[in-house]
Every structure is written in C-alpha cells, then in structure tokens.
Amino acid sequence: MRKTISIIVPCYNEQESIPLFYVAVEKVAAALTNHQIEYWFVNDGSSDQSLAEMRALQTTDVDHVHYISFSRNFGKEAALYAGLQAATGDYVAVMDVDLQDPPALLPEMINGIEQDGFDCVGTRRTTRVGEPPIRSFFAKQFYRIINRISQTEIVDGARDYRLMTRQMVDAILEMSEYNRFSKGIFSWVGFDTKYLEYQNQDRVAGTTSWSFWGLFKYSLDGIVTFSETPLAIASFIGFFSFIIASLALIFIIIRALIFGDPTSGWPSLISVMLMVGGLQLLCLGIVGKYIGKIYLEVKNRPVYIVKEKK
C-alpha cells in the first residue's frame, strides 16, 4: 500500500508561486512509486489572488489538493499549525511555496526516514547568498544567542522545510500554545533528526513578505518563548544597581562626615537618575514581554480562524 505524504504550504500573497510550486513538486512526485502526495495549501489572509489559485488547483486535482483559508492574516506560525492539524498523511512535510525549499530533496528525505530510521529529516542552508548582509549577520547572532541561553538547541541555518513521521507530528500537535515558534518546537519535542545541507535558493517568483523588523520581532519571540535568561538578566541588573547605589550612598555619607558636604553636582545626579531609570525601564520591558505572552495564553483565543476549507 502506498504511503501518503502530506505537504503543508503556508501562503501569503503568493499567487505567482502557487502554480509553479505545484508543477515542481508533481515532477518529483511522479518518481515516488511507493508514495502519494497530499497538498495542504494554507491561505494566510492573502490580499491577492492566492485563494483563487488554490481553488483552481483543487478543482483540477480534487483527490490530492486541499486548502484552508483564514478569515484574516494570523501569521506563518498559525498557518503551519493549521496545516499540521489538517494533514492526514503517514509522513508530513513543511515547505515554502516560493521554491526556496528544493522539492528534489524529498526522495532523500524519505530514505532518511524509511531506510536510516530517523523520525525527522530537516534541511539547513550552508550559505545565505542573495540575502542582505545585515540580515545574514543578525540571523547568525540570533542562533548564537539563543543556543547559549536556551536548553533547546536550534540548528544554525535550519529551515522549516522538513519531513516528519506521524508520531512526531502528533507530539507537536500536543503543544497547543498560542505563542508559537516552530523552529524551537521541532527541536523541543526531540526525536531523531537528520539535516540535509543545501545552498540558498532564490525565490521562483514574487517578493518576500518578511521585513527586517518582522524577522527581528520573530527572533525576540523565539528567545522569550524558549528561554528564561532575559528574566535572570533583568534580576541581575536590578541587584547590581542596588549594590552600586548602596556603595555610593556609604561613600557619600563617609565623605560628608570627614570632609563636610561640598556643593553637590546636579548634572551628575541627574545623569545617575536617568541611568537608573533607564535600567528600571529595561527590566520592566523584559518582564512585560513575558507577562504579555502569559496574557495572550490565558485568554485562550484560537490560534487561527478558518473561513473556507476544502
């Protein structure tokens, strides 16, 4: 009996890429004699004709193409979660529709699971050719920082593109948290994982919807979600400031008793007050970030809302 591979494809304003993606994967699927492909396109509130392209594909390939359309844009993490919940295959793959994730790697990924015994075969880019240098620099720093402060290892350059067994997917679905960071979740659940390396691929069409600021906020969410170190840093800053202030107070008292009370320098006093106030705001901001995450979790809102599904 042929095993089914569910491919989850999050889409946001990708009307040009969707048909090209389908054709590229079908070429690879034709050589998979022991497997069949099930597509799950997830329309994440696109404002272009992405949904129309999905409907057209579903009409021409009713048995294999499915789609989910959100009521608005909920973000890629929500789209991934929706696809994982909908997928019914023995194996589940996550792929970007822009073909920066090479479909040609699928046969090798299947062999990694069926012949080598891995639970997951992921991919990682060995180069970032074509990316702005500033983005590549901050991406490397993000992986360096999060792997130092988090107990969950996140492989540098790892993509969401991966093939997973049903057992691993079921474990991921048990993590129904609202604040999702899939790269961390994939690592946190464990299971034996192998990574295939490849060089960076250009988009087949369209432009990326990820801005530098969007990626920066996403990285902060990842750090907050999988590490408590920022809270420890905030506590250390507060304790260190208290010690310095106490020593300074003792010094001022002793100086006043011995040498008298010279004219105080208000500029330095104001500078110290501003510095301490800034540290306090920094610490409050760190604590507030965690409280905000807790607030979103306890409201227990759905991760996404489906408007249309086939």
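## Basis of the model

The structure is a predicted model, in which local features need pLDDT of at least 70 and side-chain atom pairs count only at pLDDT 80 or more, while totals for chains, interfaces and linings use all residues. Residues are numbered from 1 along each chain as its sequence is written, and side-chain values use heavy atoms, with hydrogens and water left out.

## Overall composition

The chain contains 10 helices and eight strands. Helices (H or I, at least four residues) and strands (E, at least two) are DSSP runs, numbered from the N terminus. Of the 310 residues, 43% count as buried; buried means under 20% relative accessible area, exposed over 50%, and partly exposed in between (1.4 Å probe, protein chains only).

Among the contacts in the chain with a separation of 6 or more, 83% link residues 24 or more positions apart. A contact here means heavy atoms within 4.5 Å.

Eight strands form an open sheet with mixed pairing, in the order 7-5-6-4-1-2-3-8. Strand 7 (193-198) and strand 8 (306-309) are the edge strands, each pairing on one side only. Two strands pair if DSSP finds at least two bridges between them. On average, neighbouring strands of this sheet are turned by 20° against each other, direction ignored. Angles run from 0 to 180 degrees between N-to-C directions, and axes are lines fitted to C-alpha atoms, for helices over the stretch in contact.

Strand 1 (residues 3-11) and strand 4 (residues 91-94) run parallel and are joined by four bridges; Ser6 stands opposite Val92 of strand 4. Strand 4 is also joined to strand 6 by four bridges, but these two strands run antiparallel. Strand 5 and strand 6 likewise run antiparallel, with four bridges between them. In strand 6, Arg162 is the bridge partner of Val94 and also of Gly122. Strand 6 is mostly covered, with eight of its eight residues buried.

## Strand 4 and Ala93

In a regular strand the side chains alternate between the two faces of the sheet. Tyr91 and Ala93 point one way from strand 4, Val92 and Val94 point the other way, and all are buried. Ala93 counts as buried because its relative accessibility is 0%.

Which residue of strand 6 stands opposite Ala93? The residue is Leu163. Leaving aside neighbours within four places in sequence, Ala93 is in contact with Ser6, Ile7, Ile8, Arg162 and Leu163. Ala93 and Gly122 are 29 residues apart in sequence, and their C-alpha atoms are 9.3 Å apart in space.

Helix 3 is mostly covered, as nine of its 11 residues are buried; among them are Glu77, Leu80, Tyr81 and Leu84. Helix 4 (residues 106-114) lies across strand 1, strand 2, strand 4, strand 5 (120-125), strand 6 and strand 7, and runs at about 50° to strand 6.

Helix 1 (residues 17-29) and helix 2 (residues 50-60) pack against each other at an angle of about 35°, with their axes 9 Å apart. Helix 1 contributes Ile18, Pro19 and Tyr22 to the contact, and helix 2 contributes Ser50, Glu53, Met54 and Leu57. By class, the residues of this contact comprise five nonpolar, one polar and one charged. Ala, Val, Leu, Ile, Met, Phe, Trp, Tyr, Cys and Pro count as nonpolar, Asp, Glu, Lys and Arg as charged, and the others, Gly among them, as polar.

The structure holds one cavity of 30 Å³ or more, and the largest cavity has a volume of about 30 Å³. On a 1 Å grid over the protein atoms alone, a cavity is a set of points where a 1.4 Å probe fits but cannot get out, and lining residues have an atom within 4 Å of a point. Grid points are joined across faces, edges and corners, and a volume is the space filled by probe spheres set on the points.

Ile154, Val155, Ala158, Arg162, Lys183, Ser187 and Tyr195 line the largest cavity. Strand 6 and helix 7 (182-188) each supply at least two residues of this lining. The lining of the largest cavity has four nonpolar, one polar and two charged residues.

Note on methods: On a 1 Å grid over the protein atoms alone, a cavity is a set of points where a 1.4 Å probe fits but cannot get out, and a pocket is an open set with protein on both sides within 12 Å along at least five of seven lines; lining residues have an atom within 4 Å of a point.
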